[in-house]
Number of protein chains: 2
Amino acid sequence: MSSDTYDAFLAHVQQLTYLGDAAGVLDWDQQVMMPDAGTPARAKQKSALSTLRHELLTDDDLAAWLDDLEAADLSGEQEAVVREIRRQHERAARVPEELVQQISEATSNALPVWEQAKAEDDFAAFEGALEELVELKREYADAIDPDRDPYEVLFEEYEPYLGIDTAEAVLERLGEELPPLIEAVGDSDTEMADPFQGTYPEADQEALVRETLDALGYDWDRGRLDTSSHPFTSGTQFDARITTRFQPETPLDALTSTIHEFGHATYALGLPDEAYGTPLGEDRDLTVHESQSRLWENHVGRSRPFWDFLAPAVEEHLGVDAPAGDLYQAANEVYDDNLVRVEADELTYHMHILVRFEIERDLIRGDLAVSEVPQVWNDKYEEYLGIRPDTDAEGCLQDIHWCHGMFGYFPTYTLGSVLAAQLDAALRSDMALDDRIRGGEFDPLREWLGDAVHQHGCRYTTPELVQEATGEAFTADYFLEYVSEKYGDLYDL
Amino acid sequence: MSSDTYDAFLAHVQQLTYLGDAAGVLDWDQQVMMPDAGTPARAKQKSALSTLRHELLTDDDLAAWLDDLEAADLSGEQEAVVREIRRQHERAARVPEELVQQISEATSNALPVWEQAKAEDDFAAFEGALEELVELKREYADAIDPDRDPYEVLFEEYEPYLGIDTAEAVLERLGEELPPLIEAVGDSDTEMADPFQGTYPEADQEALVRETLDALGYDWDRGRLDTSSHPFTSGTQFDARITTRFQPETPLDALTSTIHEFGHATYALGLPDEAYGTPLGEDRDLTVHESQSRLWENHVGRSRPFWDFLAPAVEEHLGVDAPAGDLYQAANEVYDDNLVRVEADELTYHMHILVRFEIERDLIRGDLAVSEVPQVWNDKYEEYLGIRPDTDAEGCLQDIHWCHGMFGYFPTYTLGSVLAAQLDAALRSDMALDDRIRGGEFDPLREWLGDAVHQHGCRYTTPELVQEATGEAFTADYFLEYVSEKYGDLYDL
């Protein structure tokens, strides 16, 4: 193996990445800027990029380089690049082109069917499409590895290294330990303040959100803020953009979701410039990404000192003159009768995830029929949250994920929250974070996360990165400690 | 040849087009939305798309399909597709990859050098870069066809079918017939009215521009209006976007340049949806494109009846209560002491082009040294326009085209104006256009152009299309008639 091989391999990998990032720009544009009628042409453009990317990823040259490089004497960083591309190459190469095409068509077709079924509260109308998607994704998992649990294989698409056993253990533990806490909160006589009683013009909310991003240290020279129907973050270390949405009566939603997206963007912007185009300049998948967004959203943006800091800006832009403590309460109210995941608080959120996790796992393993989903969904909501949806529209039809064929994605939301708490604990042992937050000094926090997490890109696997950043293995201890202390305090438990 | 061959060929061609259009989206985003620091990553993404597109275009399979299809019995439309792709394939396949790379690097490097040379009025600082570009583009032309005039070969990159002889003859004729008219205008005692004496806020100008686009029939469901440092149009029949720019003291600039871009966008939007991805759904190069923008900008937007129509909106949005005749005069003032091409009127504009055409032709043919450009430029301005630049910044350094390596592009501006006048004459024989314009009825005009030009895509070569649309061969007669009548009238000649 000469270093020429590594160079040729790396150039190929860079083309792959650039193509993926180009597709990301097309996606952002479609969700934020594109006029409605542009869809058919955009679909063709995205499909062309996706086909070409698949060809590059399954290329024979790439396979040969990987073989050569795995037998060669490489640096740790080079080994990490080879490891990541090997994984992507194997997954892509093992799945027949035709199956990729079928899944792509089935998800495209399923989208309007799901939208209508949800609008009309008619699960039966979606049942056939969902059955087809479950079947196709089982085939997909089987193509990648026929000897392993298909749900495990699908889960690894979103979190490749933490292991399904870890995910399952964490979710089970939360399923045991959170419900008593949620119940105690529900039984508590303490009520959270609600100082947001008016309607708040979009321009005022936007001014508050922009000032908040300024304060947190968002690099406007490498970013933008726009609106879209669902908030998201898109981009690279050179250009990581945020979207949000504004609702007149719930200004906290735009604020907290923007802080969440800021966390994602800050991760992207913290990846090393010089490694752009290689796995060393790429984020470490969804668990770690979600840990960054949730750390900023919850451990910063929903903390008591943050509201001490932000209260004057809230008064200035929204005209709400409330004590910081009231703002803090409003940002942390637990809605134990809420049926909708995306509106859930930090406690009940994970019960929403647990329901989805258990159902999708059983669907993919063949232990549950699609027709049984509504019944099982409602039973599980009753079991874990003590509430029961009246309709499937506010039940098992609420999320878009399955309709996109994304089975195995949901657990990463909880894993991200759990990791956020672990990182928060580690960084608090290094600095007096509350004082910093209260004083509006966010640079040290951003720098800590940059050193501990962002700069490494995919140099380490997820467990290695967690160990490197926190000095311990991945654990839910800190998350459970955090929520029990926070909500015990808020609700006088 | 089975029809399978044509289908496989067409699928390949579509991938090519989709990739090019994806690059177009990246380009639009870069000029309109991208944060400044995004440049390095965007350059990599665009270069990856360009490399992959070049690979698809020079692919051996494509070459074999072209050979097979040229020997087969095809429909007229299929023949047109094969003709267009053959031409693109030959041009791409004959140029060594290394030369393409050299040109790409040389143009990237030249840009900041030109910007600084222009800012500091220092042609000598740009001389070396320009010499390199001239040399590389001569090599490029030589690679494509060593037996033909290199300038002709370069010109065909922008106008492949009209022929350099036609371009040269038209430019020479304008060079003879326009100067006496320009001189007469300069000698005339008649002065144009100037009702725009104030400063006009961007929001007011934008409201006027948007109302104008509404009236002209811009399809907002397939387009957008944004601002950028140079106005341009980008997109496809599904999504054709316009940009403009606003200067406080010259509201006519934003208005006329937006109408110009509307003409380009209307061409794109008039291409057939069902042919998207193939040459039958692509525009017929720069002469025809520019004919559409100039027809709308000049024959509509600078016509007397247009100002009858628009005067109330000008009063409403800009507070300028001027007679339509004054607005008409203001939109058509001839600036015979203007040195800047992009600020030129319909008459002197072509003298600016003639200077550039003669210089770039002689440079590429080796009949002029780069060091002589400033002197020759100034002499020609004196000869054709009776004015002489004091500095190279407002002389030969003013345009970006050469710095981009675009030699052979300038003539298409004049060819477009000439064709616009020919189309205008043809459509006026079919309808009372002035009445329609005065009444704000632009649909019949858009439909006429759709039938005559847009719907054909690249079905015909440029001369065929001109014949098809106007019933005559390409001619400058109508343009010369139009300007001599219009300016004779305006300036009482």
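In the predicted model, strand 1 of chain B and strand 3 of chain B, the latter covering residues 239–244, pair with each other in the parallel sense over 3 bridges. Within this pairing, T243(B) of strand 3 of chain B is the bridge partner of D226(B). In general terms, the strands of a sheet pair through backbone hydrogen bonds, and this pairing may be either parallel or antiparallel.

The two strands belong to an open sheet of 3 strands in chain B, in which the order is 1-3-2 and the pairing is mixed. The edges of this sheet are formed by strand 1 (225–227) and strand 2 (233–236) of chain B, each of which pairs on one side only. When direction is ignored, neighbouring strands of the sheet are turned by 20° against each other on average. Helix 1 of chain B, which spans residues 3–32, lies across strand 1, strand 2 and strand 3 of chain B, and runs at about 150° to strand 2 of chain B.

Chain A is divided into two parts, with domain 1 covering residues 3–149 and domain 2 covering residues 150–493. The C-alpha centres of domain 1 and domain 2 of chain A are 26 Å apart, and contact between the two domains involves 40 residues of domain 1 of chain A and 35 residues of domain 2 of chain A. On the side of domain 1 of chain A that touches domain 2 of chain A, at least two residues each are supplied by helix 1 (3–32), helix 4 (76–94), helix 5 (97–119) and helix 6 (123–144) of chain A. Helix 6 of chain A gives the most to this side, with 12 residues. By residue class, this side of domain 1 of chain A consists of 20 nonpolar, 5 polar and 15 charged residues.

A pair of helices in chain A was also examined. Helix 9 (residues 202–216) and helix 12 (residues 304–318) of chain A pack at an angle of about 155°, and their axes are 9 Å apart. Since angles over 145 degrees count as roughly antiparallel, helix 9 and helix 12 of chain A are therefore roughly antiparallel to each other. The crossing of helix 9 and helix 12 of chain A is right-handed. From helix 9 of chain A, the contact is made by D204(A), A207(A), L208(A), E211(A) and T212(A), while helix 12 of chain A contributes L310(A), A313(A), V314(A), H317(A) and L318(A). The residues of this contact between helix 9 and helix 12 of chain A divide into 6 nonpolar, 2 polar and 2 charged.

How values were computed: Residues are numbered from 1 along each chain as its sequence is written. Chains are lettered from A and ligands numbered from 1 in the order in which they are written. This is a predicted model: local features need pLDDT of at least 70, side-chain atom pairs count only at pLDDT 80 or more; totals for chains, interfaces and linings use all residues. Two strands pair if DSSP finds at least two bridges between them. Helices (H or I, at least four residues) and strands (E, at least two) are DSSP runs, numbered from the N terminus. Axes are lines fitted to C-alpha atoms, for helices over the stretch in contact, and angles run from 0 to 180 degrees between N-to-C directions. Two residues are in contact if their C-beta atoms, placed from the backbone, lie within 7 Å. Domain bounds come from an automatic or database domain assignment. Ala, Val, Leu, Ile, Met, Phe, Trp, Tyr, Cys and Pro count as nonpolar, Asp, Glu, Lys and Arg as charged, and the others, Gly among them, as polar. Angles under 35 degrees count as roughly parallel, over 145 as roughly antiparallel, 65 to 115 as roughly perpendicular and the rest as oblique. A crossing is left-handed if the near helix is turned anticlockwise from the far one by less than a right angle, and right-handed if clockwise.
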